[in-house]
Amino acid sequence: MEDDGNTVAVVVGLIDKATNSTKPDLDPRLLKSIKSVVRHSDSELRFAVENLMSLMKRDHSQVRYLTLTIIHELFMRSKLFRTLVVENLDQLLTLSVGFRRNQPLPAPPAIASKLRTKAIEYLEKWNTTFGIHYRQLRLGYDYLKNTLRYQFPNLQANAARIQQERRERELRTKEILLKKYELLKSNISSIKDEVNSIVDEISECLDILISSKEENVPLDPVDEEDFEDFRNVELRTIRENSLKEADKVQENSENKVVFDALRELYKLLVTKHLVAVQESISVLIRVELSDNRLRDSMLKEFIDIRNHLKLIKKKCEEAGCVISTRENDEEEDIWEEGASESFNTSKQVTPDKPDKQNDSAGCSNSKPTNAKATNVKLKANPDMDPLKSKLMVEAPVMRWGSFLDNWGSNRGYMANQRGLEVEAHWGRVDHDAVIPANKIAELNVQATVYEEEHKEIQQCRAPLKKGGLCERRDLKVCPFHGPIVARDDEGTPLNQENQEPDTKNFSREELLNQAVKNVRERDKEVVKKREYDKKELKRAKLAKIRGHNEAVLRDAAIASTSVSSAVGDSDLGREKDSLAKMLKKKATAKDRLATRLLSRKAIARQANLEDDHLKYREAFPNQW
Amino acid sequence: MWKKIGDRESGKLRPNSFITRIRSNRASSLHLSNHKELVSSHRGSVNSLQVDLTEGRYLLSGAADASLAIYDIQRATDYEAGGLIAKHKPILVDKQHQNAHKYAISTAIWYPIDTGLFVTGSYDHHIKVWDTNTTQVVMDFKMPGKVYRTAMSSLATSHMLIAAATEDVQVRLCDMASGAFAHTLSGHRDGVMAVEWSTSSEWILMTGGCDGAIRFWDIRRAGCFSVLDQSHSQLGRRPPLADKSTTKVSTSKARAPPRKVGSGSSSKHSGNSKIIKQTKGSAKQRLHPGLLTSQDRATAHYGAVLGLKATEDGMYLLSAGSDSRLRLWDIQSGCNTLVHYEIVRLQSSKAIQLDVSQDSGVVFLPCMTSIKAFDMWSGKSKMTLQGHYENVNCCCYSSHDQELYTGGNDRQILIWSPLKQIPADVDECDRSTGQPLAADEDNWSD
């Protein structure tokens, strides 16, 4: 008997301790000890259920919340606990969800809402796990869901839905892959043909170049002589590189056509065919088929093609396309502010442009805002015609904008051929309507965004009493030291001559008066403030006493109602205090106003007013 | 249980008493059934439930959304969770029927002879008689007010009358044979909430009104012949067993005041004959000849009488009132037996339907959100059945299965059954999904 009583005290005490906290979560150690104690004895479990249900009835959401967490922990574990709790499930739900209108959840409201969402979540979990064993769980879940229309988190269904979606997506991709594969199967011969033709063309071009190179061979031995002179490794590598460069076929006016063709072919090869082949390889790898033989053979073919293409590409690069790209690189390095690529290519493809376009090129050349870049550019092209370089020097630096797209162009634009659907519109449509060039120019005026000039706001720099200078930054007037003027390091204004006439405008007496007035005002304020402080102090003291009284009363009330007040020790009491504090509403400005307005005096005054009004009405019934 | 079977085997126990013992045992161990559930199709509160009287198989339910449903409570329509839960779906749902009721159905009862007909009464002032097989309305009675309760006599051999308790002060008897009102019984001073036919005589009707009076009518004559008076009490009650009843009757006769009407008569018919004999002396026209004015003012409850239920043997009447009292009346003497039932509170706005187990041992009474089971003779609360989330309106005890069906404002119809003795050997595997069910076992992680 003695032993039994002791252990019971342990469980109840543990639960009380665990729920007597203002923290949002349970103490895991306490929870663990509760679990281990309850696990070993059914009688303790019964006591725990009783205690937990009585704790759920407390008028404090925090206590209820923590209790509910313990209930959940035990519910998921013990069968006996489940059968005991389920018998009173409607009560538990009433206390935790608060669905009955006459029994709302207690304060504080923030924790109450948390309690509700948690309770609903737990109920769903319980229902999915143990629903088939307990009709009460199903009933409660059904009632909250279908009758009261509570929103359940629906964890299981959500997970299932996500799974389903993923599966569908996979299926779709598989289908798409299959389709692609079919397409590939039908197209493979044509792809091969195309690739072969381009490969043939490229090899032809290369052949031509190589044959032309052989004519240049005699130049080589000249370089051979100096080879021994270069001891330095770096220099030697540079030299080797340059030799290699020399090895390569240089572009000149003779083979320029061939190079152009080669470049185009190379571009086609890299951007189209290589990419296409790569893609089809990936399709072949990813596709899932019942019969893999055909796919494997196709894959093999494609890999061969790819390797071949890579080889060709390498050859091309060796032959000269690499030069072209390198050129590009250099130019891009110089034109830091992203010269438009279209311009570059156009320049390469057609070196001799019409004058007008040259002009525009000049303008866009001067796009970079930093002068250095333009300088470099100028240096890099020393062979530009003198007029152009002269113009470049004095050309204005412009920000890039869409108006530069058709700089100086004199073209009109077709109005109705810009991809607009005009057939479906009412009225006649003039397909040949043209927007004249001057209108286009009007539309393409350079737009600028206003940018504020960055200006540093000066410090006040008036000398302070405690030493140092005032560090306030105000635009014109410092609230403490008057208008901001230039001052020296000591803080004395620099242009005294300017300042003095201003002060001299006031007469000396006026100044004195002003000073006296200022001093008096300050004194008055100080007195007022002192009085106010005194009052405030008194009020604070009263409030403190009142608060203490209330807390004591509440403690007493809680202790008298709780089953387990005997267990509560000193630190428990402190905890209670904080729990009670949670309940107390913070006084807002509105509350203070309400207390003022609804105080007895105010109401009496109001009533008096009313009385007067009534008297007046009685005396002069004909006036209203 | 096994001991009883052994006794029965050896012949120590009579078959009848064996049956009644098993039944009462089962009736006193009701729990919310986990293995059998009714899928309620109602969208409003369930107001009326009745199991048919012939087969004990079909449950008729009427709800506040003017829908009614019939459930087969013997055979489940489908199973869930590997045969663990038997679901009973309604075999007949009547909603949006062209002849259906407009407003809430307050009462739905079976025709007592077979399941081919049933009768519904509704707040839209109509009582309708339905053919079950075609689900058509075959007869329609227009009542002067909302219908609260209807009743048909289960013993009647010579009449087919539906007694209707309505908002109106008069109780009307609707004749199904002719489709007209056969009789209008006036005497109540307010609407009538409850109506019940006597289970011993096919001519006796008992009604309880909002004025708190319970009146007994002999439908062969005009006016009521008895009004129950709560202050007119009889200490001690006659024991439920039939063989002792005669002596008890004699004691009650000795104690009863001499002017009382039905006292001392051993059977209804003789009592009636006595009443007829007494008619000569009475002068009042409206009253029954044997009834005194002072008796006419008597009340059975302080407040409305919400429900009436006669015991199977026809000797006692239970009445529930909005004064949160359940009273047990001796029908023959018309006395309050002063049994105190431990009730906290009854809902007072709606008529409730209470029920008694077959051997008259247990009374089931809806008390707010729970159903309480009382021992009828001592008034002790035996069980409190909690499962509904809102007020319970009706309960219906099936003596065949010893199951209790309850309907409430939360739109559910719950089944309360005795615990299964042998757990059904269902495989712990859901046949539909093939996933193993979560076992209901202890699961300690640490």
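What follows is a walk through some paired strands and their turns. The model is predicted, so local features need pLDDT of at least 70 and side-chain atom pairs count only at pLDDT 80 or more, while totals for chains, interfaces and linings use all residues. Residues are numbered from 1 along each chain as its sequence is written, chains are lettered from A in the order in which they are written, and side-chain values use heavy atoms, without hydrogens and water.

Begin by selecting residues 403-408 of chain B, which form strand β30(B); strands here are DSSP runs of E with at least two residues, numbered from the N terminus. Six of its six residues are buried, meaning under 20% relative accessible area with a 1.4 Å probe and protein chains only. Glu403(B), Tyr405(B) and Gly407(B) lie on one side, Leu404(B), Thr406(B) and Gly408(B) on the other, and both faces are covered.

Cys395(B) has Thr406(B) as its bridge partner, and in the hairpin, with four residues between the strands, Gln402(B) takes a positive phi near 55°.

Then select β31(B), residues 413-418, which runs antiparallel to β30(B) and is joined to it by four bridges. Here Gly407(B) is partnered by Ile413(B), while Arg411(B), in a hairpin that has four residues between the strands, takes a positive phi near 70°.

Finally, move to β11(B), residues 126-131, and β12(B), residues 136-142, an antiparallel pair with six bridges. Asp131(B) stands opposite Gln136(B), and in the four-residue turn of this hairpin Thr135(B) has a positive phi of about 45°.

Methods:
Buried < 20%, exposed > 50% of the residue type's maximum accessible area, 1.4 Å probe, protein only. Pairing = 2+ DSSP bridges.
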